Amino acid sequence: MDNFTPPLQQVNDFFETYAAALENYDTKGIAFLYSLPCTLVSDETTTSFNDSSKLEGFFNIGIGFYRQFGIAKVRPQVWNRREWTGKILNVKVNWDYFDALNVPIYKCDYFYVLKLDKLNQLKIILSVSVNEKERMEEWMGKQGRK
């Protein structure tokens, strides 16, 4: 008897792991949660990655922003999860970002397509940023930063 956990039941733990990697500024850990190739999409850009070191480098840029602006705590709220097949899921996550004193900084929404890998572990194959850029800019404007 194997210990297979159905993908829908892995989602919350998966995003808690993602949040812990963000809080620890662990770009290698973040990149590990993605399958290669993967694609990151927003209104402005579509970027595909075939190389884990380039993906990690991309996350280093985001982590630099988090450090610079005091983002210390991250909370994922899984809003929707749909199983497209037995191995592919679509998930909507609302991310809440806080400073070290638990003061909210901003929230944003993402859609993810996750797929089970050969070891039955979820990995992100597509990440779609719905409104992070706008929410960051709004927060920075309120702080008098641009």
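**Notebook: pockets, sheet and cysteines**

I began with the lining of the largest pocket, whose residues divide into 18 nonpolar, seven polar and five charged. In this count Ala, Val, Leu, Ile, Met, Phe, Trp, Tyr, Cys and Pro are nonpolar, Asp, Glu, Lys and Arg are charged, and the others, Gly among them, are polar. I note that the model is predicted, that local features need pLDDT of at least 70 and side-chain atom pairs pLDDT 80 or more, while totals for chains, interfaces and linings use all residues. Residues are numbered from 1 along each chain as its sequence is written, and side-chain values use heavy atoms, with hydrogens and water left out.

**Entry 1: the largest pocket**

I looked up its volume and found about 760 Å³ of space. Among the elements that give two or more residues to the lining are helix H1 (7–23), helix H3 (52–68) and strand S5 (104–116). H3 supplies the largest share, seven residues.

A pocket is an open set of points on a 1 Å grid over the protein atoms alone, where a 1.4 Å probe fits, with protein on both sides within 12 Å along at least five of seven lines; lining residues have an atom within 4 Å of a point. Grid points are joined across faces, edges and corners, and the volume is the space filled by probe spheres set on the points. Helices (H or I, at least four residues) and strands (E, at least two) are DSSP runs, numbered from the N terminus.

**Entry 2: the second largest pocket**

I found about 160 Å³ of space in the second largest pocket. Its lining consists of Gln10, Asp13, Phe14, Thr17, Phe32, Leu33, Gln121, Leu122 and Lys123. H1 and S6 are the elements that give two or more residues to this lining, and the largest share, four residues, comes from H1. By class, the lining divides into four nonpolar, three polar and two charged residues.

**Entry 3: the sheet**

I traced six strands in an open sheet of mixed pairing, in the order S2-S1-S6-S5-S4-S3. Two strands pair if DSSP finds at least two bridges between them. Strand S2 (46–49) and strand S3 (73–83) stand at the edges with a single partner strand each, so one side of each has no neighbour in the sheet. S1 and S2 run antiparallel and are joined by four bridges. A hairpin connects S1 to S2 through four residues.

**Entry 4: the cysteines**

How many disulfides does the structure hold? I found zero disulfides, a disulfide being a pair of cysteine sulfur atoms within 2.5 Å. The sulfur of cysteine 108 has its closest cysteine sulfur, in cysteine 38, 17 Å away, so the two are too far apart for a bond. Cysteine 38 is buried, with a relative accessible area of 1%, and cysteine 108 is buried at 0%. Buried means under 20% relative accessible area, exposed over 50% and partly exposed in between, with a 1.4 Å probe and protein chains only. Cysteine 38 stands opposite phenylalanine 49 in S2.

**Entry 5: valine 103**

I located valine 103 in the loop between S4 and S5. Is valine 103 buried, exposed or partly exposed? Valine 103 counts as partly exposed, at 41% relative accessibility. Valine 103 and alanine 72 lie 31 residues apart in sequence and 9.9 Å apart in space, C-alpha to C-alpha.
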